[in-house]
Amino acid sequence: MNKYQIIIYWSDDDKAFIAEAPELPGCMADGATRRKALANAEVIIGEWIETARALGRTVPQPQGRLLSVAEAAQRLGLGVAMTRRHCLMGNLPAKKIGRDWVIGEREVNAF
């Protein structure tokens, strides 16, 4: 069973729902519905892991819950703009998903 977080969002460019596993670089799938995008992502995650292992690459461990910038800002006692700035500057490790960032709960706690 997949333990990686999957983020699903609508893409106007693709005219489809995108399901992305941010902990696995480049691992994403699409679908006409959220449900189809999620089902496709589950398959792609398995293939991503299988390919990484076959190539002798490290497979990242699931990091747990990813937080939005607003959630991270609240936990850190910072404003949303300042938290986003820390993401942009690389002070707070984050991944860009769609138009915004997601931050691992561990990274927020370590910050």
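Local features are given only where pLDDT is at least 70 and side-chain atom pairs only at pLDDT 80 or more, whereas totals for chains, interfaces and linings use all residues of the predicted model. Residues are numbered from 1 along each chain as its sequence is written, and side-chain values use heavy atoms, with hydrogens and water left out.

In soluble globular proteins, nonpolar side chains tend to be buried together. A nonpolar core is here a set of buried Ala, Val, Leu, Ile, Met, Phe, Trp, Tyr and Cys residues joined through side-chain atoms within 4.5 Å; buried means under 20% relative accessible area, exposed over 50%, and partly exposed in between (1.4 Å probe, protein chains only). The largest core has 15 residues, of which Y4, L24, C27, I45, W48, I49 and V59 touch the most other members. Two elements, β2 (16-20) and α1 (34-54), each give two or more residues to this core, and the largest share, 6 residues, comes from α1. Helices (H or I, at least four residues) and strands (E, at least two) are DSSP runs, numbered from the N terminus. With contact taken as heavy atoms within 4.5 Å, I49 touches Y4 and V59, not counting residues up to four places away in sequence. A second, separate core of 8 residues includes L67, V69, A72 and C87.

A disulfide is a covalent bond between the sulfur atoms of two cysteines. With a disulfide defined as a pair of cysteine sulfur atoms within 2.5 Å, a search of the whole structure finds 0.

T83, in helix α3 (residues 80-89), is buried at a relative accessible area of 1%. Leaving out residues up to four places away in sequence, T83 touches V69, A72, A73, L78 and L92.

The next element is an open sheet of 3 strands in the order β4-β6-β5, with antiparallel pairing; two strands pair if DSSP finds at least two bridges between them. The edge strands, β4 (66-68) and β5 (95-97), each pair on one side only. Between β4 and β6 (residues 100-104) there are 3 bridges in the antiparallel sense, and L67 has I103 in β6 as its bridge partner. Helix α2 (residues 69-76) packs on the sheet, touching β4 and β6, and its direction makes about 90 degrees with that of β4. Axes are lines fitted to C-alpha atoms, for helices over the stretch in contact, and angles run from 0 to 180 degrees between N-to-C directions.

A search of the whole structure finds 3 salt bridges, each a side-chain nitrogen of Lys or Arg within 4 Å of a carboxyl oxygen of Asp or Glu. K95 and E20 meet at 3.7 Å, N to O, and this pair links K95 in strand β5 with E20 in strand β2, 75 residues apart. K95 is partly exposed at 29% relative accessibility, whereas E20 is buried at 6%. E105 and R75 meet at 2.8 Å, N to O, with E105 in helix α4 (residues 105-110) and R75 in helix α2, 30 residues apart. D100 and R84 meet at 3.1 Å, N to O. D100 lies in strand β6 and R84 in helix α3, so this pair ties together parts that are 16 residues apart in sequence.
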